[in-house]
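Here is a short report on one protein chain. Look at the fold as a whole, then at its charged side chains.

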Amino acid sequence: MAHFVDRVVLHAAAGNGGNGCVSVHREKFKPLGGPDGANGGDGGHIELVADPNTTTLLDYHHRPHRSAESGGPGQGGLRHGHKGKTLELAVPEGTVVKDREGTVLADLVGAGARMRIATGGQGGLGNAALASKKRKAPGFALLGTPGQSRDIVLELKSVADIALVGFPSSGKSSLIAAISAARPKIADYPFTTLVPNLGVVEAGETRFTVADVPGLIPGAAEGKGLGHEFLRHVERCAAIVHVLDAGSLETDRDPLGDLEAIEAELDAYAPDAVGSVEGEQPQAAVPLNERPRLIALNKTDLPDGEEMADMVRATLQERGYQVFDISAVARKGLREITFAMAELVNQARAEREVEAAPVPVTVRPKPINEKGFTITAEERGVPGEGVVPLWRVRGTKPERWILQTDFSNDEAVGYLADRLQAIGIEDELFRIGAKPGDAVLIGADEDGVVFDWEPTMAAGAEHLSGPRGSDVRFEQHHRPTRGEKKQDQAERRAARRTMREEMEEIYRAEDDGEVEVVFTQQDRTP
């Protein structure tokens with residue numbers, strides 16, 4: 001069983017919007033009560049909230065699928081559906097939110113920092129809200145839109161001021177146990193520390209946190225050992241302390257070689273570029289090899305350790321390092337190195353306060369002449385007919401309206417046509433050369449709707465031939481007789497019967513494995 005989890009994949013599904021209601025008010029002595037169908041409720045959102053009392057992502061490791069409450073459907077009597085509650089997921093401070101491609105979406109630092117990872121669906125309007133002067137009693141309502149589904153990656157990076165790095169069994173856990181109240185596991189074999197440990201240290205009036213990172217070995221940046229999994233916990237640290245084993249019993253190791261190996265791993269590791277809010281331009285993080293560093297020569301209480309420290313101290317100082325001889329067991333030199341840590345922490349905090357100047361907010365209103373949709377010309381192949389033109393419409397409003405439409409209701413389909421014509425889709429189709437009968441696809445392939453375009457009178461009148469100010473369609477005075485109506489109805493029934501027979505043949509062929517049927521239009525039911 002895992003006890004420490006710092007990376008999980010979370011599958012979030014926001015709540016769906018409730019459907020609107022179709023209802024007419026019925027009351028004694030009120031024969032024309034009017035529509036009273038209420039609106040559906042909005043679906044609940046899913047948000048991440050940084051919580052100081054949460055220290056691990058273990059809960060999301062065991063239960064990675066989270067869904068918010070859906071909105072309730074509208075009811076008669078203007079009783080609106082209830083809104084779905086927002087699902088707040090507590091994560092530790094320092095959690096980085098990424099998408100599946102690895103792009104950083106947010107960095108939740110500080111108690112209460114939050115981010116919305118999935119937006120709930122919009123509730124559909126009831127027929128009472130759709131009523132107007134021209135449409136006094138609508139016989140339809142809008143459907144609720146589905147909530148957003150999203151897969152995100154949560155990575156926990158410890159919020160510490162100082163990071164202790166070094167080879168396994170160099171004394172990092174012993175050092176953090178000596179300078180703080182942390183009690184990590186300590187033993188005389190490599191890789192005793194399997195998870196990062198945090199400790200709070202006080203040096204004078206400065207209080208700061210220290211992170212004990214599991215031991216690093218050559219190749220850690222490429223995934224060897226445990227270091228690659230936990231190098232992310234060093235990214236937030238203001239300074240790094242190299243804990244070098246001066247009393248190592250291994251003949252092929254020495255403090256200088258250990259330092260060079262660890263520095264090479266820090267150089268090879270690239271911290272994430274972080275933006276605090278989704279959509280914000282990410283800022284490049286300071287590389288690990290450019291951060292202030294201290295050298296702690298540990299185990300100098302041993303005779304061999306003291307001699308080794310005397311041999312390498314001058315070389316380290318020539319390279320510009322500040323060197324401290326310490327012993328975590330004998331508690332030697334701990335006061336000096338903790339005050340040196342505090343000095344680096346104070347410098348980093350002062351620089352951070354200067355950089356944290358208020359950022360001016362830039363408001364960019366949308367252009368008033370923006371269409372809000374795009375139409376692209378494509379082609380699709382039809383068996384026996386060759387290639388036919390296909391016009392694809394993409395846009396936030398048209399795609400949302402498609403999801404809200406009940407295609408089993410003719411009045412709802414007509415309302416959709418009016419909305420599409422109102423934002424200029426038909427005019428744009430005429431302008432780019434679309435012809436009546438061409439296929440038009442609104443949305444993506446997986447959830448789009450295909451229909452044969454037939455222009456309305458308002459959209460196509462200016463394209464008809466005839467004198468200015470006249471419409472040849474109004475000059476047709478022929479009224480069909482009862483016999484013609486019956487003949488037309490019989491032809492339609494015969495066409496539907498032929499279509500059903502063709503579909504049955506296709507289904508039988510599909511069952512026999514001869515052909516594969518691919519549907520491009522979803523059957524939407526209320």
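## Surface, fold and salt bridges

The protein chain has an accessible surface of about 30100 Å², and 51% of it belongs to carbon and sulfur atoms. Keep in mind that this is a predicted model. The chain has 526 residues, and 42% of them count as buried. Its secondary structure comprises twelve helices and 18 strands. Take the contacts with a separation of 6 or more: 70% of them are between residues 24 or more positions apart.

Now turn to charge. The whole structure holds 21 salt bridges. Three of them are listed here.

| Salt bridge | N to O distance |
|---|---|
| Asp 161 – Arg 349 | 3.2 Å |
| Glu 260 – Arg 319 | 3.3 Å |
| Arg 313 – Asp 325 | 2.3 Å |

Start with Asp 161 and Arg 349, whose side chains meet in a salt bridge. Asp 161 sits in the loop between strands E8 and E9, while Arg 349 lies in helix H7, 188 residues apart. Asp 161 counts as buried because its relative accessibility is 14%, under the 20% cut-off. Arg 349, at 28%, counts as partly exposed.

Next come Glu 260 and Arg 319, also joined by a salt bridge. Glu 260 is in helix H5, and Arg 319 is in the loop between helix H6 and strand E14, 59 residues apart. Glu 260 is partly exposed at 46% relative accessibility. Arg 319 is partly exposed too, with 42%.

Arg 313 belongs to helix H6 and Asp 325 to strand E14, twelve residues apart. Arg 313 is partly exposed at 22%, and Asp 325 is partly exposed at 23%.

Finally, a network of salt bridges links Glu 47, Glu 88, Arg 114 and Arg 116.

Conventions:
Residues are numbered from 1 along each chain as its sequence is written. This is a predicted model: local features need pLDDT of at least 70, side-chain atom pairs count only at pLDDT 80 or more; totals for chains, interfaces and linings use all residues. Side-chain values use heavy atoms; hydrogens and water are left out. Helices (H or I, at least four residues) and strands (E, at least two) are DSSP runs, numbered from the N terminus. Buried means under 20% relative accessible area, exposed over 50%, partly exposed in between (1.4 Å probe, protein chains only). Contact means heavy atoms within 4.5 Å. Accessible areas come from the Shrake-Rupley method with a 1.4 Å probe; for residues, only the protein chains shown count as cover. A salt bridge is a side-chain nitrogen of Lys or Arg within 4 Å of a carboxyl oxygen of Asp or Glu.
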